[in-house]
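Reader: Please take one part of this model and walk me through it closely. I would like to hear about the strands and how they pair.

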Amino acid sequence: SLLLVLSLLSPRGSAGWSCPPRCVCASNLLSCSQANLSTVPAPLPRFTAVLDLSHNNVTRLRADWAPARLPHLHALLLSHNGLAFVSTEAFTHVPRLRHLDLSSNRLRTLDENLFSDLGELEVLLLYNNEITTVDRTAFENLGRLRKLYLGQNRIARFPLELLREGTRLPQLALLDLSANRLRAVPAGELQALPAWLRDRLYLHNNPLACDCLLFQLLDRGHRRHLSAVVDFQDELRCVLPGAPAPVKILALAGQQPLNCSKAQEAVLEAHLGDSVTLGCDSRWQGVRSRHWVTPGGERVLGDGGNGSVVLLANGSLQLRALRPEDAGTYACWVAGPLLNETLYVELLVHNFTLHGPHDTLNTAYTTLVGCILSVVLVLIYLYLTPCRCCCCRGTEKPPAPRDDSINSSVLSTTPNHAGGTGEPCGSHIASSAGTGQNGRFKGGGSPPLPARQGPKAQRKVSDPDSVSSVFSDTPIVV
C-alpha cells in the first residue's frame with residue numbers, strides 16, 4: 001500500500017503521464033530534438049519545464065499546440081524547424097515562459113501583439129530568419145525582456161521605438177541588429193542611451209552609410225571599451241559614395257571626403273551662476289554604490305556646500321550657482337556587480353561677460369548708450385555753446401569768405417573780445433601771431449592777414465598745419 005501511495009504522488013505515476021514518442025524525458029526536461037516531427041507531440045506533461053523541439057519540421061505553430069495550460073514551462077526551443085507561421089495566440093497557455101528560441105527559421109514578419117502574453121519573458125532569440133517587418137506592438141507587455149536577438153535578418157529600418165525612453169522594454173540590456181540591411185541609424189538618439197545599453201547594441205555587418213555622427217558614436221564606445229564595438233571593430237564598416245568597397249567606420253577620422261573629427265567625451269561647458277548636472281554614465285547595470293570626487297579632492301556622498309552640490313538618486317551630481325573654482329575634472333567612482341569603473345567629466349566654467357549668453361546683450365547695450373551719448377555731446381557743443389560775441393551785436397559782421405575752410409567755424413577757438421570797445425570781432429583774429437588752433441601756440445604761425453578791399457580781395461594765406469588746406473579748391477593733378 002505504501003508503494004501504491006508513493007507511485008500516485010510521483011509525477012511519473014500521475015494519471016495521464018507518459019513520455020511522448022520519439023522524445024527523451026528526464027525529470028521535468030523533455031528533449032524531442034532531431035525527431036523528424038512535423039507537429040508538437042501531445043499530450044505534454046503539465047510539469048514540463050524545458051521543451052526542446054529544435055531541428056524538426058514544425059513549420060506552423062498554431063494556437064492549439066498546447067491545448068492544456070503548462071504553468072511550469074519556462075524554456076521553449078523551436079530553432080531549425082523551417083517555422084514560417086506563429087499564431088498570435090500561440091503562447092496563451094505558457095505565461096511563465098522566460099526563454100524562447102525561434103532562431104534559424106523562415107519567419108518574415110512579427111505581427112501585432114505576437115508576444116504580448118509573455119509577460120515574464122527574459123530572452124528572445126529571432127536571429128537567422130527572413131524578418132523584414134517588425135510591428136510596433138509586437139513586443140508589447142514584455143516588461144522583463146533583457147536580451148533580444150534580431151541579427152541575420154532583412155530588417156531595413158532601425159526599430160528605435162524599442163529603445164526610446166525605455167517605456168516599451170524597460171529592462172532591455174542587449175539588442176542584436178547585426179547582419180541586417182540597415183543603411184542608417186539614429187546616431188544622435190542612440191548616443192543618449194545609457195552606456196550599459198550601448199555596450200550591448202550590436203550593429204556590425206550592416207550596409208551603413210558613412211556618417212560623422214555614426215563615427216563619433218562608435219569612437220566613444222571604442223574609447224570606453226564597449227564590447228559591442230571593441231569585439232567587432234573589423235566588422236563595423238560603412239559605405240562611402242563612389243568607394244569600391246566598404247571602409248572601417250573607426251578609420252574615418254581625418255579621411256576624405258568626410259574628414260570626421262573625434263568628439264570629446266564628457267566635456268561640459270557652463271557659465272557663472274548656472275546650474276548643471278554631471279551624469280555618471282556607467283556601463284554597469286545594477287550598480288551597488290557610487291560616489292563623486294571634486295577637482296579639489298573632496299568626496300561627495302550627499303548634500304554639501306549649503307546645497308550647492310547635490311548627489312541625485314540616479315547617481316548624477318548637480319552643481320548650483322557655479323563659481324570659477326567649480327571648474328575642473330570630476331571623477332565618478334562606480335562599484336559594479338563584477339568590476340569597478342571610474343568616469344571623468346571635465347567642467348568648463350566661463351565668465352558670462354566674455355563667453356556667456358548675456359555678453360551679446362551687454363555689448364549691444366553699451367554700444368547703444370555710447371552712440372547716444374556721443375550724439376548728445378555733439379549737439380550740445382554745436383547748439384548750446386554760449387556766445388562770447390555779445391559785444392559784436394552792434395556792429396555788423398562782414399560776411400565770411402566763400403572759400404573759407406569748413407573747419408574754421410567748428411575747430412577754431414572763439415576769439416577773445418575786449419569788452420566795451422565796439423570793435424568788430426574780426427579785428428582781434430590776427431592780433432596774436434603766435435596763437436594757433438584751439439588757442440595753442442604755433443611756432444610757425446601764419447602771418448597777419450591783410451584787410452579785405454572788395455569782393456575780389458586777396459584770399460587768406462592757408463596755414464600748412466590747418467585742416468582747411470585739405471578742402472582747398474586748388475585743382476589736384478594726378
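Author: Start with an open sheet of 3 strands, ordered β18-β22-β21, with antiparallel pairing. β18 (276–278) and β21 (309–311) stand at the edges with a single partner strand each, so one side of each has no neighbour in the sheet. Neighbouring strands here are turned by 20 degrees against each other on average, direction ignored.

A word on the basis. This is a predicted model, where local features need pLDDT of at least 70 and side-chain atom pairs count only at pLDDT 80 or more, while totals for chains, interfaces and linings use all residues. Residues are numbered from 1 along each chain as its sequence is written, and side-chain values use heavy atoms, with hydrogens and water left out.

Now the terms. Strands (E, at least two residues) and helices (H or I, at least four) are DSSP runs, numbered from the N terminus. Two strands pair if DSSP finds at least two bridges between them. For the angle, axes are lines fitted to C-alpha atoms, for helices over the stretch in contact, and angles run from 0 to 180 degrees between N-to-C directions. Strands of a sheet pair through backbone hydrogen bonds, either parallel or antiparallel.

Val310 has Gln318 in β22 as its bridge partner.

Next, β19 (residues 289–293). 5 bridges join β19 to β23 (residues 328–335), and these strands run antiparallel. His291 stands opposite Trp333 in β23. β19 is also joined to β20 (residues 299–300), by 2 bridges, again antiparallel. There, Trp292 has Val300 in β20 as its bridge partner.

Another open sheet has 9 strands and mixed pairing, in the order β1-β2-β3-β5-β7-β9-β11-β12-β13. Its edge strands are β1 (24–26) and β13 (201–202), each pairing on one side only. β12 (residues 174–176) and β13 pair in the parallel sense over 2 bridges. Asp176 has Tyr202 in β13 as its bridge partner.

Last, a helix residue. Arg198 is found in helix α3 (residues 195–198). Arg198 counts as buried because its relative accessibility is 10%; buried means under 20% relative accessible area, exposed over 50%, and partly exposed in between (1.4 Å probe, protein chains only). Leaving aside neighbours within four places in sequence, Arg198 is in contact with residues including Leu190, Leu217, Arg224 and Asp281. Contact means heavy atoms within 4.5 Å. The C-alpha atoms of Arg198 and Val229 are separated by 9.3 Å, and these residues are 31 residues apart along the chain.
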